[in-house]
Structures are given as C-alpha cells and as structure tokens.
Amino acid sequence: YSKYGIKSTSFFTGYIANLYPELVSMVVDAGHEVGSHGKSHLKENGFDVMPYERQLRHLLETKKQLEDLSGQEVISFRAPALRVSDCTAEALIEAGYRIDSSVASQRFDFFLSFGGIKKLRWFFAPRLPYHTSPNSLFRKGDSPLIEIPLSALFIPYVGTTMRIFPWITPLQRAGILLESNLNGKPVVFDIHPNELIDESDEPRMILSRSGNKIAYFFQDWLRAQMMTKNLGAADINLYEREIKFFVKHGYKFNTLKGYCKEAG
C-alpha cells in the first residue's frame with residue numbers, strides 16, 4: 001500500500017490481534033484504519049448463530065482490545081464470513097460501532113459460503129451506503145449505524161473470486177465502475193492477508209462444519225480445493241493489477257471511516 005500511497009481499513013479478529021499485536025501497530029503507523037472482525041472465524045462465533053447478549057459481549061471485548069492495541073477509536077465492523085443476524089445491528093449500536101460492512105448487496109455465494117441461506121437477504125439490500133434499521137443491517141432506517149456494502153454484481157468482487165477466476169475480475173470491475181460513475185457508489189474490495197501467502201503445499205485437514213453431506217461437499221471440501229488457487233506471489237500480482245488500474249484512472253483510496261467523514 002505504501003508503494004501507491006493508498007489507505008484502507010484492516011479488520012482484525014481478536015484471536016489474530018492477540019497472537020500478533022505488532023500487526024495492529026503496523027497498520028496504525030501506516031495511517032490505515034483498524035476495524036473489528038469479531039473474536040474468530042470459528043463456526044460457533046458466527047454472528048448469525050450467537051444470541052444478542054453474546055454478540056454484544058464479543059463486540060465490546062474486541063473493540064476494547066483493538067483500541068488498547070491501536071490507540072485509536074474502533075468504530076468499523078465486518079462480520080466473519082459476513083454472517084449476521086437480525087439482532088446484529090442492535091448489538092453494534094449498543095457496543096458503540098458506527099460503521100458496518102457485512103452486507104454484499106445482490107451477491108450470491110451459490111452454496112460455497114457457510115450460512116448461505118440467511119445471506120439470500122443480500123438480494124434485497126440497498127446498493128448505496130445507508131443508515132440501517134435498528135433491527136436489521138439489510139434495511140434502511142434511522143439508526144446511527146451506517147452500512148457500506150461490499151461490491152458485487154451477483155458474483156463478489158473479492159480476492160477469492162480474483163484468484164479463482166482472474167479473467168472475470170476485469171469484467172466485474174467494468175460493471176462496478178459503470179455503476180459508481182452513474183450514482184457515486186463506492187467500490188469496496190475485500191481480500192484476506194492469508195491469500196497473499198502460498199500455503200498450497202502444506203498438509204490440510206478439511207473439517208466438516210455440518211452434519212449434512214451435501215453442505216460438507218460445497219461449503220467445506222470444494223471450497224477448500226478452490227481456496228488454494230493462485231496463492232502467494234500469483235495473488236499479489238493479481239491484486240496489484242487491480243490497484244494499478246484504480247491509481248492510473250485517478251480513483252481515491254480511503255478507509256471506511258474516512259469515506260463516511262468525507263461523505264458527510
């Protein structure tokens with residue numbers, strides 16, 4: 001990022017922040033925003049299965065943990081695997097968050113994403129940033145919480161798609177930019193740091209998160225096979241291709257917090 005002078009929001013799970021606190025400091029020192037990504041990616045810590053009280057506790061604990069490590073206020077959140085429930089908006093507001101980016105409007109994960117049935121609500125979510133309802137991240141309302149949807153045109157504009165189908169990404173980008181030029185919708189791209197490390201040769205144990213054999217095939221086994229494509233240097237080249245395009249065409253890179261401030 002320093003090579004191109006760009007800023008971003010980095011979402012940390014409490015688990016990773018505890019293991020590598022120096023990474024949080026590095027993000028802050030480079031001028032980026034630190035956001036919360038919940039406690040971990042464990043199935044039982046999904047915000048679509050935790051009751052309200054447990055969601056609130058997770059949000060408060062990781063907020064304090066990240067603020068202690070970063071020295072800056074943490075107001076942005078993205079749910080692990082984008083898994084949320086009807087009470088997540090209320091929990092975020094109560095915990096003091098002001099920005100969420102867990103909704104991917106009109107995105108379809110086929111059957112490769114855990115919690116995919118509940119994510120069908122993405123089809124009906126607004127595409128432009130909006131104040132959420134106090135009772136749902138998927139609806140407009142008058143709450144203080146702002147939703148910044150991730151970019152998608154049916155297929156998600158994310159690092160995973162970029163690695164698995166690199167020829168699709170420029171086509172996606174063209175459509176997303178057409179929309180952005182028409183209505184000012186911000187482009188929100190999501191990538192995970194582990195995608196930039198080649199671990200494809202390491203032994204992998206594929207655990208079943210569901211007792212359903214069909215769900216295991218799509219959400220665990222098939223997903224695991226796809227996840228090893230174009231890791232490491234290959235992914236860095238693909239990611240830099242996207243960055244170079246936006247730099248060349250004069251687009252501004254921003255944090256979620258910075259975007260909301262500038263948008264008023």
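Keep in mind that the model is predicted. We'll start with Thr88, which sits in helix 4 (residues 88–95), and then look at how helix 4 meets helix 3 (residues 52–70).

**Thr88 and its surroundings**
- Thr88 has a relative accessible area of 0%, so it counts as buried, the cut-off being under 20%.
- Leaving aside residues up to four places away in sequence, Thr88 touches Phe47, Gln55 and Leu137.
- With Gln55 there's also a side-chain link: a polar contact of 2.9 Å joins the two.

**Helix 3 against helix 4**
- Two packed helices are described by the angle between their axes and the distance between the axes.
- For helix 3 and helix 4, the axes come within 9 Å and cross at roughly 40 degrees.
- That's why the two helices are oblique to each other.
- The crossing of helix 3 and helix 4 is right-handed.
- On the helix 3 side, the residues involved are Tyr52, Gln55, Leu56, Leu59, Leu60 and Lys63, and they meet Thr88, Glu90, Ala91, Leu92, Glu94 and Ala95 of helix 4.
- Sorted by type, the residues of this contact come out as seven nonpolar, two polar and three charged.

- Ile16 counts as partly exposed because its relative accessibility is 30%.
- Between Ile16 and His37 there are 9.8 Å in space, C-alpha to C-alpha, and the two are 21 residues apart in sequence.

**Positive phi in the loops**
- Most residues other than glycine have a negative phi.
- Leu82 isn't a glycine, yet its phi is positive, at about 60 degrees.
- You'll find Leu82 in the loop between strand 3 and helix 4, and with a relative accessible area of 8% Leu82 is buried.
- Gln106, also a residue other than glycine, has a positive phi near 60 degrees.
- Look for Gln106 in the loop between strand 4 and strand 5 (130–133).

Note on methods:
Residues are numbered from 1 along each chain as its sequence is written. This is a predicted model: local features need pLDDT of at least 70, side-chain atom pairs count only at pLDDT 80 or more; totals for chains, interfaces and linings use all residues. Side-chain values use heavy atoms; hydrogens and water are left out. Helices (H or I, at least four residues) and strands (E, at least two) are DSSP runs, numbered from the N terminus. Buried means under 20% relative accessible area, exposed over 50%, partly exposed in between (1.4 Å probe, protein chains only). A polar contact is a pair of N or O atoms within 3.5 Å; within protein, one must be able to donate a hydrogen and the other to accept it, and residues adjacent in sequence count only if both atoms are side-chain atoms. Contact means heavy atoms within 4.5 Å. Axes are lines fitted to C-alpha atoms, for helices over the stretch in contact, and angles run from 0 to 180 degrees between N-to-C directions. Angles under 35 degrees count as roughly parallel, over 145 as roughly antiparallel, 65 to 115 as roughly perpendicular and the rest as oblique. A crossing is left-handed if the near helix is turned anticlockwise from the far one by less than a right angle, and right-handed if clockwise. Ala, Val, Leu, Ile, Met, Phe, Trp, Tyr, Cys and Pro count as nonpolar, Asp, Glu, Lys and Arg as charged, and the others, Gly among them, as polar.
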